[in-house]
Amino acid sequence: MHLPSFYYIERVFTDRTMSFELFLALRYLMSKRNNTFISIITFISVLGIMVGVMALVVVLSVMNGFRGDMMSKILGVNSEMLVLNFTGPFSHYYEISKKINRVQGVVASSPFIYAQVMINSSGNVSGAVLRGVDPETVPNVLNIKGMIRNGKLSSLAYSANRKFPPVILGRELSKQIGAYVGDTVKIVAPEGKLTPIGRAPNTRLFRVVGLFDSGMYDYDASMLYTNLKDSQELLGMGNRVTGIAIKVDDIYNTEHIAEKINEVLGYPFTVKDWKTMNRSLFSALKLEKITMFVILTMIVLVGALNIISTLVMVVMEKTKDVAILRAMGASGKTIMSIFMLQGLLVGFVGTLLGLVSGLGICQLLKKYKFINLPADVYYISTLPVQVQWTDISIVAVSAIVISFLATLYPSRYASKLNPVEAFRYE
């Protein structure tokens, strides 16, 4: 019987929806092989790539969530930019704030005081960080209102007739010293009073009017908020402040805005942004993300090595078929394409299953939050998840590329088979 030429067969399949190479690749994958071991290796290849992609998706999403959660909490307590003075505390801060607010990109500003103090409640003493703020302008810069529990920010309003100035304590600090809303605490400022022999510690009683919970253990265990004027009186600062907090319209453009503010204010003022103040933390998170990507990519490489093993064994099993195709006129390029498509199909299926399972796990973690963490160690109480489609795309492309590279050697080997040698002992 006269067999149709390979070119005729190829043209028939090319004219339809599926190419001849893809048809044979699918046929080789779905056919029942005599060698069950090859089928097992194929399954392991798909499983290896699936597990690698799934692990990458979950780990990168968790690290993105951790970074985003820490950014929101850090920028909720600390401002996006700070204006400080090289000489220390400075006065005329309202005039300086007006100049800052006129700079393009600045949304709002608020003066603040930052100092180390001691706090005492019924004999329980702890070190703390005092933050003096203006209750009227600070909500425009920091998200303090959303953190306050059992109280209001407006309770910090200054009043000369009050017997005890108001203070808002961090939740963990409140537990440490046993002071709650309505209680009176004693705050000691190490350099708060100017005497004839120099500065001496100043002590003053404050009434707790609220608690705040930022979600960051270190902040909640060490920070307290008071009114700006009460802080100035306690610390003996007169009409001076430590600096001015700034909110901008684009937190990723702070360097450019800082240059403009420096041009307007000049020496001795300096500007620090959130990137500079938290550089070591976010650099470490970025390095960990890259490291985890490299380590977990090794799992995908295991699947890719299994693809090489599978294709080599398939080529050995299909030597007679390859010889027939070559005898019918198939080129080496066509034979190579068949086995490359077969390996890519394994990689594509593994990648697709990995993406689906990884995104599914991320959705479960995000919705049910069933993994709890010790807040005093990890700063957060639950495992955050934030899926970034850029990372998902990089993972998918990387897995496909690795799978493609794994097909090159066995496919090239198949394309070099000599049909005469294949039929010699038949």
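Lys247 is partly exposed, with a relative accessible area of 28%. Select this residue to begin. Keep in mind that the model is predicted.

**Stop 1: the partner of Lys247.** Glu80 is buried, at 7% relative accessible area. Glu80 sits in the loop between helix 3 and strand 1, while Lys247 belongs to strand 9, so the bridge ties together parts 167 residues apart in sequence. A search of the whole structure finds 7 salt bridges.

**Stop 2: helix 4.** Select residues 93–101. Which residues of helix 4 are buried? They are Tyr93, Ile96, Ser97 and Ile100. An α-helix has 3.6 residues a turn, so residues three or four places apart point the same way. Now show what the buried residues of helix 4 pack against: strand 1 (81–85), strand 2, helix 7 (228–235), strand 9 (243–248), helix 8 and strand 10.

**Stop 3: the largest nonpolar core.** Select Leu169, Ile187, Leu224 and Ile261. These have the most contacts inside the largest nonpolar core, which has 40 residues. Strand 2 (residues 106–121) gives the largest share of this core, 5 residues. Apart from this core lies another, of 30 residues; Met147, Val209, Trp274 and Phe282 are among them. In soluble globular proteins, nonpolar side chains tend to be buried together.

Now centre on Leu169. Leave aside its neighbours within four places in sequence. Leu169 then has contacts that include Ile119, Ile177, Val208, Phe212, Met223 and Leu224. Ser174, Ala179, Gly210 and Leu211 are also in contact with Leu169.

**Stop 4: a charged network.** Move to Arg171, Glu172, Lys175 and Asp213. Salt bridges link these four in a network. Zoom in on Arg171 and Glu172: the closest N and O atoms of this bridge are 3.3 Å apart. Arg171 is partly exposed at 33% relative accessibility. Glu172 is buried at 14%.

**Stop 5: helix to helix.** Select Asp391 and Lys289. Their side chains meet in a salt bridge of 2.9 Å, N to O. Asp391 lies in helix 14 (residues 389–415) and Lys289 in helix 10 (residues 279–317), so the pair ties together parts 102 residues apart in sequence. Buried or exposed? Asp391 counts as buried, at 11% relative accessibility. Lys289 is partly exposed, with 22% relative accessible area.

**Stop 6: a nonpolar surface patch.** Select Ile40, Phe43, Ile44, Leu47 and Val51. Together they make a nonpolar surface patch of about 420 Å². Ile40 is placed in helix 3 (residues 36–77). At 43% relative accessibility, Ile40 counts as partly exposed.

- Tyr267 and Pro268 are joined by a cis peptide bond, with omega about 10°. Pro268 is in the loop between helix 8 (254–265) and strand 10 (269–273).
- Ser122 is a residue other than glycine with a positive phi, near 55°. Look for Ser122 in the loop between strand 2 and strand 3 (124–133). Ser122 counts as exposed, at 76% relative accessibility.
- Asn150 has a positive phi near 55° and is not glycine. The loop holding Asn150 runs between strand 4 (148–149) and strand 5 (166–170). Asn150 is exposed, with a relative accessible area of 60%.

Technical notes
Residues numbered from 1 in each chain as written. Predicted model: local features only at pLDDT ≥ 70, side-chain atom pairs only at ≥ 80, totals over all residues. Heavy atoms only, no water. Core = buried A, V, L, I, M, F, W, Y, C linked by side-chain atoms within 4.5 Å. Buried < 20%, exposed > 50% of the residue type's maximum accessible area, 1.4 Å probe, protein only. Helix = DSSP H or I, 4+ residues; strand = E, 2+ residues; numbered from the N terminus. Contact = heavy atoms within 4.5 Å. Patch = residues over 30% accessible without salt bridge, like charges linked within 9 Å, V, L, I, M, F, W, Y side chains within 5 Å. Areas by Shrake-Rupley, 256 points an atom, 1.4 Å probe, with all protein chains shown as cover.
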